[in-house]
Amino acid sequence: MPALTPAVQRLRADHAPALLAFERENRDYFAASVPDRGDDYFARFDERHAALLAEQATGLCHFHVLVDEDGRVLGRVNLVDVADGRAELGYRVAKSAAGRGLATAAVREVCALAAAEYGLTELRAVTTVDNAGSRAVLARTGFTATGDLVVDGRPGIAFVRPL
C-alpha cells in the first residue's frame, strides 16, 4: 500500500505534543541553519503554544503543521506579521523528511491558502545564502530574490511572491 501524502493542517491545540516532539527531535538539525530556539522555548512550550493560538485567532499570523498519517509533525509552514495583504513566510521540515519535496509541496499549499482563505496578495521570505535547500524551495514555489540582507549575522537573501 502506498504511503499517504502528509497533510497541511492549521495549527490547533491538539497538535502540541507532536509539535513539541518535532522541535525536540530536530533541534540540532535546525540549529545548523537557523538560530536555536533556546532552552526556554522547550521549558515553556505549552505556554508558547497557547500564545501562538491566541495570536492566530487575531488574524495576525497563520500557523500550519505538516502531519503524516500517524499524526507525527514533519514540518511547519507559518505566515507571520500579516498586514496590508502581506505576510512573512517561514518553514522548516524534519531531518527525516528532508529531500522528499515535502517543503515545496507544503509551501505551495500554504501560498494557495494565503490567497484563497486569508486574502493575502503578497508573501515575503528570507533565507541565508548558505541554505541551498531553502533557496531551492523558494525558487520552485514562485518566489523571486529581491536583494541581499543579513540574517542573524549571516549573509542572506530576501524573496517576494505575489499571490
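Q: What does G71 count as, going by relative accessibility?
A: G71 counts as partly exposed, at 37% relative accessibility. The model is predicted, so the value is computed from predicted coordinates.

Q: Where is the place of G71?
A: In the loop between β2 and β3.

Q: How far are the C-alpha atoms of G71 and A18 separated?
A: By 7.2 Å. Along the chain, the two residues are 53 apart.

Q: What covers the buried residues of α1?
A: The cover includes three helices, α2, α3 (39–43) and α4. It also includes the strands β2 (62–67), β3 and β4.

Q: Pick L19. What does L19 touch, leaving out residues up to four places away?
A: L11, F45, H49, V65, V73 and R76. L19 is also among the residues with the most contacts inside the largest nonpolar core.

Q: How many residues has that largest nonpolar core?
A: It has 41. Besides L19, the residues with the most contacts inside it are L79, L89, V107, L120, L123 and F143. Helix α5 (residues 102–116) gives the largest share of this core, 7 residues.

Q: Back to L11. Where is L11 found?
A: In the loop between β1 (7–10) and α1 (16–25).

Q: Buried or exposed, that L11?
A: L11 is buried. Its relative accessible area is 3%, so it falls under the 20% cut-off.

Q: What is L11 in contact with, leaving aside its neighbours within four places?
A: L19, H49, L52, L53, Q56, F63, H64 and V65. Take H49 from that list: its C-alpha is 9.3 Å from that of L11. In sequence, L11 and H49 are 38 residues apart.

Q: How do the residues of the lining divide?
A: Into 23 nonpolar, 11 polar and 11 charged.

Q: How many cavities of 30 Å³ or more does a search of the whole structure find?
A: The search finds 1. About 40 Å³ of space lies in the largest cavity.

Q: What is the largest cavity lined by?
A: By E23, R27, F30, P35, D36, R37, F42 and R92. By class, that lining has 3 nonpolar, no polar and 5 charged residues. E23 is one of the buried residues of α1. R92 is one of the residues closest to the centre of the largest pocket.

Q: What is α6 followed by?
A: By G142, whose phi is positive, near 90°.

Q: Which residues other than glycine have a positive phi? Start with D84.
A: D84 has a phi near 50°. It lies in the loop between β3 and β4. Another is D152, also with a phi near 50°. The loop between β6 (144–151) and β7 (154–162) holds D152.

Q: Is D84 buried or exposed?
A: D84 is exposed, with a relative accessible area of 70%.

Q: And D152, buried or exposed?
A: D152 counts as exposed, because its 59% relative accessibility is over the 50% cut-off.

Note on methods:
Residues are numbered from 1 along each chain as its sequence is written. This is a predicted model: local features need pLDDT of at least 70, side-chain atom pairs count only at pLDDT 80 or more; totals for chains, interfaces and linings use all residues. Side-chain values use heavy atoms; hydrogens and water are left out. Helices (H or I, at least four residues) and strands (E, at least two) are DSSP runs, numbered from the N terminus. Buried means under 20% relative accessible area, exposed over 50%, partly exposed in between (1.4 Å probe, protein chains only). Contact means heavy atoms within 4.5 Å. A nonpolar core is a set of buried Ala, Val, Leu, Ile, Met, Phe, Trp, Tyr and Cys residues joined through side-chain atoms within 4.5 Å. On a 1 Å grid over the protein atoms alone, a cavity is a set of points where a 1.4 Å probe fits but cannot get out, and a pocket is an open set with protein on both sides within 12 Å along at least five of seven lines; lining residues have an atom within 4 Å of a point. Ala, Val, Leu, Ile, Met, Phe, Trp, Tyr, Cys and Pro count as nonpolar, Asp, Glu, Lys and Arg as charged, and the others, Gly among them, as polar. Grid points are joined across faces, edges and corners, and a volume is the space filled by probe spheres set on the points.
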